[in-house]
Structures are given as C-alpha cells and as structure tokens.
Amino acid sequence: MSKNLEINKRKTFAIISHPDAGKTTLTEKLLLYSGAIQIAGAVKSNKIKKTATSDFLEIEKQRGISVATSVLSFDYNDHKINLLDTPGHKDFAEDTYRTLTAVDSVILVVDCVKGVEEQTERLMQVCRMRNTPVIIFINKLDREGKEPVELLDELESKLSIKVRPLTYPMGIGLQFRGVYNIYKNKFSFFRSNKTKVEEESIIFDGIDDPKLNETFGTDAEKLRHDVELIDGVYESFSVDEYLKGNLAPVFFGSALNNFGVQELLNTFVEIAPPPVARETTNGIIEPERKDFSGFVFKIHANLDPKHRDRIAFLRVCSGKFERNKFYHHVRLNRQLKFTNPASFMAQSKELIDEAYPGDVIGLYDSGIFNIGDTLTEGESFMFKGIPRFSPEVFRIVRNADPFKSKQMEKGIKFLTDEGLAQLFTQNLGNKKVVGVVGELQFDVMKYRLLHEYGASVEFVTLPAYKAFWLKNNIKEEIEYLQSMYSNNLYYDKNNNLVFIAETEYSFQRVKEKCPNTIFLSSIEHNDQTLELENVA
Ligand code: G4P
C-alpha cells in the first residue's frame, strides 16, 4: 500500500472527559464494535477489564483512577484507529495535556446528569488552544439527566465552542425512547442492552413523514418541534468548520447500553481528520513528507513489573519509521536505531517493523529520551507545542533512608523524566523541590519510588503559589532577585532559571520590582533557551 493511502486510513484521537462520565465504558464499546475485543458482556466484567483495561499501574487499581496514558490501536472499516487513552483525574492533567499534542482529534464525553464539569472545561481549553477538532458524546441518556437543550446551551457557554447536534433524543431517563438522526432521518430505538451490538432503527422520509405519528403517537409532535427548533437555532453542520476546531457535532447515547456508539464511531471515521501537519522549529512538517520524523510525548517506566523497562511513546509525524534503521536524536545529536519498537493494545505490546504518520510507537528507552525529544532522518528541527505548566503544589524532598540516597536520586530523575512531576533545585542552597499539578501525584511518586527504586522519601510542604520561568532577564534585576529572594530561585531540569513565588501578592510585588523580566507560567517542554549567562 502506498504511503499516502497508509496515512489517509489513520485516525489518531483521544477520548477526554471528567472522571466517571463514561470514558472507559465508551472505550470498551468502541473496541467491541471494532472487533478488537470479542466479549459482548457487561462492561466491567473482569474478562473485558483484563483485555481492554488501560489501568495497569497497581496504584490506579487501588484508587480506581486511570493514571497512565496508554495507546490502543484497532481497525474499523478499512481505517486504522489509534486511540490514546488519557487519565481523567485532574491531578494527572499534565499527562492528558501532553497526550493531546499527539492526537489529531478528540471525542469529549459529557455525563447528561452532571453536564459540563470543571475538568471538561480545562481539557477543552487545551483543545481550543490547538484548534483540535472535537466530537461531543452526551452519555447516560438512560438516566434522569438535564434537558438536552439545556445541555447544548451549557456546552456552548462553558466550553466556548459552537455546537451542532447531529442526533436528538426523544425523552430521557425512564422516558428515553431513542435518538433521531437529524441528517439521516433515522430513528434508533433505545433498548437497555449491555450485550448486543446492533440497534433497531427506522428510516423516515423526513421529519414530516406521517409514519412518525404511527410510530410515536403523541410523541411525534414533540420530536418534530424539537428537531425544527434545533434546525432553527443551530447552524447547519459543516465538516470544514469541525476540522478547523470551530464547530463540534453532538451525539446523544448511552455507552453502557451500547446505544449511539456505532453512530458515533461511523461518523468519527467519516469526518475525523487523518494525520495533520505539525509545527517545528523549522516550519510546518506535512505527514506526506518523504523523510521520517516524530516526537516523544510520553515516557513511562516499569509498565510491566516483570521486566522493569522504560518506554518512550513516539508519535510518527512524517515519512515512514522502520525498525533497525538509524535515526537522528536531535537534542543529543546522536544516531540511534531501535531493534524492538512496539505497538500497543493496552498492556500487550507487539513488535512492529514499520509505522506511519499518526501511529504511536513505543521505543525502549535506556534513559536517553526526554519528553519533547524529536527523531528525524538527519535534520535538526524540534517539534513545538508540547507544554510544561507551572505546578500547583510544591513539596521539599527529604530522603527517609540515608542508605538509599542513590536509589532516591535515580528514582526522582526517572520519574521527573516521565513528567510525573517537575524537579527544581535551589540556586544557592541544595534544596530539591518537587512540583506537581495535584496532591495525588505525590502518593504515586512515593509509591513508585518505594516499589520500583527501593527508595523511601518524605515530602515536606513548601507553601508556594506558582513557579515562573524567567525570560529576558537583565543583570540588575537578577542581582536584585538574588539578593532579596535567593531562597525563591531554582533551576529546572534543563537549567532554566525559575522563580517560585510564595503567594500571588508577593509575586505581584516582585514583578513590579523587575519590570523587564518576563515571568512565564508555562514553557515548551524541551525549552533550554532560557539559561542565563549573567546568573552567578
Ligand atoms: P470514566 O472512565 O469516565 O471515569 O467512567 P466509566 O466508564 O468508568 O463510567 C463511570 C460509571 O458510569 C460506571 O459505573 C459506568 O458503568 C457508568 N456508565 C457509563 N456509561 C453509562 C451509561 O450510558 N448509563 C449509565 N446508567 N451508566 C453508565 P460504576 O458504578 O462507577 O462502575 P461499575 O459498577 O459499572 O463498574
């Protein structure tokens, strides 16, 4: 098959949601429809869990949240689908943000009972920043939820995106009878059905078809009224606007009951973009480009407790990746070849010989990769747009077992390489501070340091507001910071100078004193350009 055909058949996407909205359930149903799993049983049956689960860290089993981002690849209707799973919990949001840099589109799941929740808003902000096309699936229609029009209003107002329902429900909760596909004039009947795949449906000759009355009796008028209202209020659907990230089509359904999932999947493969071009320090790289290039968006150590290996997840952006061929590691300026590149189906890995744009491959990593690293066939550009945000919670690291200090150093280095947390080393003192997005990451770190590295640490609270990377510094201002705020100056892993502010108020005062310094609360992952010559 030619390379362009290979590219065009790929769809690489992520499902995002607030925890409990139904992301895992929907993922399992998509796998079921694709034939990637065969068990048409209750979603959470242990058997399916075993096959399809992406929750493979012990700690997340304990806590019931998805900590690690994994990749699921499956075929559907001549398409190769790469689904990048993301942790829903807000404490692991950075992992999700990084994953969003590696996808071409997103399916957003919203719980019809809870509506748009906080975490959904944050995730959508990231999608909006990158103009990622979004399809919305309103889930759990079998439960007594909010009115559909109310939900649609909420989506537009809270997520700052225009929406266009492509289906519309008749009734909700106990009264839920099914959904009407506005574009195909097809009504799909809802049956509480956790096992069967096919849906029962009728095609009508438009919304005025008299058959509607025979089928639904008095409910037919309400459906007509609703569909006319939708057509009047919302712009007609435009695939172009969807692809530009301006308009999100909306589907209603129930993942648990296999309802609306196939419609979603069919529309997804029809309209979702194939691998899109990406920005680098050397301009835009198109997927059709002859030479291979790709970037690492995630590193995960010890996926398999039996092997204790570390894997860098690389998104192929252009050309063709081949096993055992030498590639250029741009940051290290080294030639590397990979003998065991892998593709994924949750926990099971498969050796691959080649990969195309849109694919995500796992490369065994002996510690040579950082998040944001680029591989090419020789050129020296780097992919842009992989964000690193200021942590929100900070702790001083204390070694609780003096005999294991080497293990601790190693563990902290590897876990921060993975992006689980950020490490800041004090400029003058030797205090090591770990910053994370949410408290839960400290628990994960502590657990993993102990179980994977045999190191025991204590985390001591450091009251802090945010970390700011310093840019455009001038000598006098740096000297001022060093004399007045030496305790607040740190270096990050890439030797960029960072100011950790205690409070928002103190930060404002520092900013007034250093008007020419730019305080950045997020930077590019591989940014090493902030290093200063005039720092003592
Ligand atoms: P998440 O990955 O987004 O966190 O959500 P997940 O799929 O785990 O679903 C959260 C809960 O919502 C699960 O129930 C799941 O069964 C339920 N759920 C998902 N889709 C639907 C739906 O369409 N209708 C209804 N009524 N429920 C749905 P749980 O009680 O937390 O887990 P379990 O006991 O089912 O395993």
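Colleague: Helix H12 (residues 405-417) lies across several strands, so at about what angle does H12 run to strand S25?
Modeller: This is a predicted model, in which local features need pLDDT of at least 70 and side-chain atom pairs count only at pLDDT 80 or more, while totals for chains, interfaces and linings use all residues. Residues are numbered from 1 along each chain as its sequence is written, and side-chain values use heavy atoms, with hydrogens and water left out. Helices (H or I, at least four residues) and strands (E, at least two) are DSSP runs numbered from the N terminus, and angles run from 0 to 180 degrees between N-to-C directions, with axes fitted to C-alpha atoms, for helices over the stretch in contact. H12 lies across S25, strand S26 (422-426), strand S27 (432-436) and S28, and its angle to S25 is about 155 degrees.

Colleague: Which residue of S28 is the bridge partner of Val397?
Modeller: Strand S25 (residues 393-399) runs antiparallel to S28, and five bridges join the two; strands count as paired if DSSP finds at least two bridges between them. The partner of Val397 in S28 is Phe459.

Colleague: What angle does the direction of helix H13 (residues 440-453) make with that of S28?
Modeller: H13 packs on the sheet and touches S25, S27 and S28, where contact means heavy atoms within 4.5 Å. Its direction makes an angle with that of S28 of about 160 degrees.

Colleague: Which strands stand at the edges of the sheet of eight strands, and why is one side of each without a neighbour?
Modeller: The sheet is open, its pairing is antiparallel, and its order is S28-S25-S27-S26-S30-S31-S29-S32. Neighbouring strands in it are turned against each other by 40 degrees on average, direction ignored. Each edge strand has a single partner strand, so one side is left without a neighbour in the sheet, and these edge strands are S28 (457-461) and S32 (518-520).

Colleague: In the sheet of four strands, what angle does the direction of helix H9 (residues 219-233) make with that of S7?
Modeller: This open sheet has the order S7-S8-S9-S10 with antiparallel pairing, and strand S7 (167-170) and strand S10 (200-203) are the edge strands, each pairing on one side only. Within the sheet, strand S8 (residues 178-181) and strand S9 (residues 186-189) pair in the antiparallel sense over four bridges, with Ser188 in S9 as the bridge partner of Val179. H9 packs on the sheet, touching S7, S8 and S9, and its direction makes with that of S7 an angle of about 150 degrees.

Colleague: Is Glu235 buried, partly exposed or exposed?
Modeller: Glu235 is placed in the loop between H9 and helix H10 (239-243), and it touches Lys162 and Arg164, not counting residues up to four places away in sequence. The C-alpha atoms of Glu235 and Arg164 are separated by 6.9 Å, although the two residues are 71 apart along the chain. Buried means under 20% relative accessible area, exposed over 50% and partly exposed in between (1.4 Å probe, protein chains only). At 47% relative accessibility, Glu235 therefore counts as partly exposed.

Colleague: What is the relative accessible area of Ser105?
Modeller: Ser105 lies in strand S4 (residues 105-111). Not counting residues up to four places away in sequence, Ser105 touches several residues, among them Thr12, Phe13, Thr132, Tyr242 and Phe268. Ser105 is buried, its relative accessible area being 1%.

Colleague: How are helix H5 (residues 93-100) and helix H6 (residues 118-129) oriented?
Modeller: The two helices pack with their axes 10 Å apart, at an angle of about 30 degrees. Angles under 35 degrees count as roughly parallel, over 145 as roughly antiparallel, 65 to 115 as roughly perpendicular and the rest as oblique. H5 is therefore, relative to H6, roughly parallel.

Colleague: Which residue in S3 is the bridge partner of Val71?
Modeller: Strand S2 (residues 71-76) is mostly covered, with five of its six residues buried. Six bridges join S2 to strand S3 (residues 79-84), and the two run antiparallel. They form a hairpin with two residues between them, and Asn77 in the turn has a positive phi of about 45 degrees. The partner of Val71 in S3 is Leu84.
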